[in-house]
Amino acid sequence: MTTSASARASDPMVAWLDDADIERDRIGGKAASLTRLASYGFRIPPGFCLTTDAFAAQAASLPGGTDRHSNPMALLDPGTRSALVQAMVAGPLSPVVAASLVASLQLLSGLVPGADGEPALLAVRSSSVAEDGAAASFAGLHDTELGLTAEEVAPAVLRCWASLWSERAIGYRARRGLALDGDAMAVVVQALVPARAAVIVFTRHPVSGRSDQLLVNAAPGLGEAMVSGMITPDTIVVSKADRAVVDFTPGESTDGPALRDDALDALVTLSLEVERAFGAPVDIEAALADDGWYLLQARPITTP
Amino acid sequence: MTDQFPVEWLDPSDAEITWEWDDMHMPGALSALAGDYAGVIAAGMAYGHQRMGTPVEMRVRVWNGYAYYGLATDVPEAEQDAMWERRTVAARAAIQDADAYWHERAIPEVSAAYAWVADRRVETMPVPELAETWDEVWARISRCWAMHFYAIRGPYQVLDDLADMYESALEAQTPGEALGLIGGGDHELQAVERDLEALAVIIRATPGLAERLCEPGATVEGLAMVPGADRFTQALSSFLATHGHLGQNFDDLMLASWAEEPSLLLAELDKRIRTPGTITAEERRARLANEADLLADRARTALEKDPARLAQFEALLADARQIGHLTETHNYWIDRMAQASLRRFVVRVGRRLADIGAIEEPEDIFHLHRAEVPELLRAGGDRRALVADRQHDLARFAAIVPPRRLGKPAEDGGGDRFDGVRLTSSDPDELRGTGASAGIVRGPARVTLTQADFEAVLPGDIIVCPSSNPSWVPLFAIAGGLITNTGGVLSHAAVVAREFGLPAVVGTGDATTRIADGRLVELDGSSGIVRLL
């Protein structure tokens, strides 16, 4: 991805994902791990991150201002919390945030033409600064929305920000003894790869614990149905040493295997490179487009 | 669960934790809004845990009108004792700060919050603004409860430590004895009774006033018409301005305070006129202070040969005498005032809703949920049928005796000094609880559940109730003894009973259902045994 430096002048509300020079506490865990992948030279879908500055600007425009959302007393009170969530979801975006978002979406649409001349569809993902990829996986707590048009991004961003205060998220943090105050949420806006197949790879077998094998779950299409457990993917076990398929269990799809041999081989190469870059076993989400693999996410495997 | 008490888990993980019915603070069935208020209290508890760095999630659910609290944590069971031990260490660290926090931080901030709530122009404010104000008022009251659960940690901890030390130094003491060490303090609760006595003195000194007060159905307006009643009405309004937030016998938002229902107070004055006390509040306080010094001397004698522990005892005693009273004074300033302040605001909003025809009567607002009110203010609508349905449900719930626990089964543990333990007795004519305030006393039992029941408690009666709070001070000052269902030696009822030298047995489990009203009983506030005579 190349984004002309002049087009993305220093806007504190926005950070582009191929810009490695951003502090993690302004863009959150998810965005930081994406910028890290980009800085290692892996190909990720182009996109940007609305920083915690944008979050702070929006939160300050809510009734009660910054005081309310940064106050653990308020967040623990169910009524105050839900009023806060409602006010955040109701919007609209504050003018400064809206201006940054519109300009960035325009830049992004220039980078990725969509299929059939249509504008590319987008994904909005939460990126909480409290999220600690290696120590405590927040998996599933905050929101991801896929297949959005440019007009649908703003409300999705607001919902994403509001998910920081969901009952589950607050309860999770309380149970873990994590701080409730001073928390902020960045949001990643990324082009959606027109994927033919999506995969989840574990470079250490999540059940047997064997690290001489890769476990690949693969399904045709965008992959969200697989991640959320709605369909059963193909399960492929590959030996790291000789790249031989040790085991293949077909999934629910009736169209045959989700991956051809050459795609699987390229995926194994990619996965091993990611593992080497992290210096630890990783789990990876990736999407296969007409022009090859895109890395969607990679993180060290959390020890149970 | 059962047909009688159906329970649906809101979250599947709710089934995996233990839920305890809060029969100490909310023994009755709660309306929709009162149930939501229990959520505010739980949020305060959750904040207390946050401040102490205890990684637990506090949950509250209202099932069939009854409030249950549950704790969820990711800390493995084997490490939970260590987690609570760390909590104790954090609470100890809060002891030194407690007095300053209370006077410089908590009281000014909660007072400002109540004043802010009272100052809202509810009657004239545009309706959309009122909807926002509604949220803001609840948020501010919620903040008061958060301060509450930080402010009490140090005070409860210092009393716990003091009692541990006293009990390890002296043999053959009863559970409540150690806490007599801080008896005889002069705080808000003593002021309530003293000011009530002063009102009685004025009534006696005003010809015709006592007679009018003792007539059935006496009202403040009626008394004001007696010639020369000015001094009394002035003293009464000054009393209500200071203590008028008391009166609600439990943490149920529907209950009115004395300021709203001064007749509740007139009934207490009536008793004082008919049966003048044999001892004044001040005399009783002096006696308790004297007993406290005797107890301290006993401990000093026992620790004589161990100067290190003696010094530790003296330090604990000094801290406890400074902040120990906050274990109940906080209830006067926060539990009672926050509730009264919010309730008065709620009723005012209810009047607006009744004016626009959304509900029939202002108090019907208590059958709406907290989130439904701003919605109704913004969008309008007719909730009269909904209110009628919920009133009907509440009447049905009120007839249920709910299970003490739901979800994951739990054993009765040792219990701390606040919650206590629940004992049972195999003798049908005997109940066992915790002796919380010494003395052996006999008298007729008065099963006291509602505000209306207060009137029936006469001098020398034995109060039998679920629990109590500072609103019960006028009863405690005249009663002969006290028996509660819930609590330990540091529970609200126990603390106040000791402050008024009232023999008390707490935590009997089911005294209010096992003892018939009017039954002659004998209680021993040392052994914790209640005998039905």
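This is a predicted model: local features need pLDDT of at least 70, side-chain atom pairs count only at pLDDT 80 or more; totals for chains, interfaces and linings use all residues.

Residues are numbered from 1 along each chain as its sequence is written, with chains lettered from A and ligands numbered from 1 in the order in which they are written.

**Stop 1: the sheet in chain A**

You'll find an open sheet of five strands in the order E1-E2-E5-E3-E4, with antiparallel pairing. Two strands count as paired if DSSP finds at least two bridges between them. Strand E1 (14-16) and E4 of chain A sit at the edges with a single partner strand each, so one side of each has no neighbour in the sheet. On average, neighbouring strands are turned by 20 degrees against each other, direction ignored (axes are lines fitted to C-alpha atoms, for helices over the stretch in contact, and angles run from 0 to 180 degrees between N-to-C directions).

**Stop 2: strand E3**

Select 122-128 of chain A. Is E3(A) buried or exposed? Seven of its seven residues are buried, meaning that 20 or more other C-beta atoms, placed from the backbone, lie within 10 Å of a residue's own. In a regular strand the side chains alternate between the two faces of the sheet. Here A:Leu122, A:Val124, A:Ser126 and A:Ser128 are on one side, with A:Ala123, A:Arg125 and A:Ser127 on the other.

Three bridges join E3(A) to E4 (144-148), where A:Leu122 partners A:Leu148. With E5 (185-191) there are seven bridges, and A:Val124 stands opposite A:Val189.

**Stop 3: helix H18 in chain B**

Jump to 492-499 of chain B: eight of the eight residues in H18(B) are buried. Its cover includes helix H6 (188-205) and helix H13 (326-355) of chain B. After the helix comes B:Gly501, with a positive phi near 60 degrees.

**Stop 4: where the chains touch**

Show both chains: 23 residues of chain B are in contact with 18 of chain A (C-beta atoms, placed from the backbone, within 7 Å). On chain B, helix H1 (32-51) and helix H4 (127-151) are the elements that each give two or more residues.

Note on methods. Two residues are in contact if their C-beta atoms, placed from the backbone, lie within 7 Å. Helices (H or I, at least four residues) and strands (E, at least two) are DSSP runs, numbered from the N terminus. A residue is buried if 20 or more other C-beta atoms lie within 10 Å of its own, exposed if 12 or fewer, and partly exposed in between; C-beta atoms are placed from the backbone.
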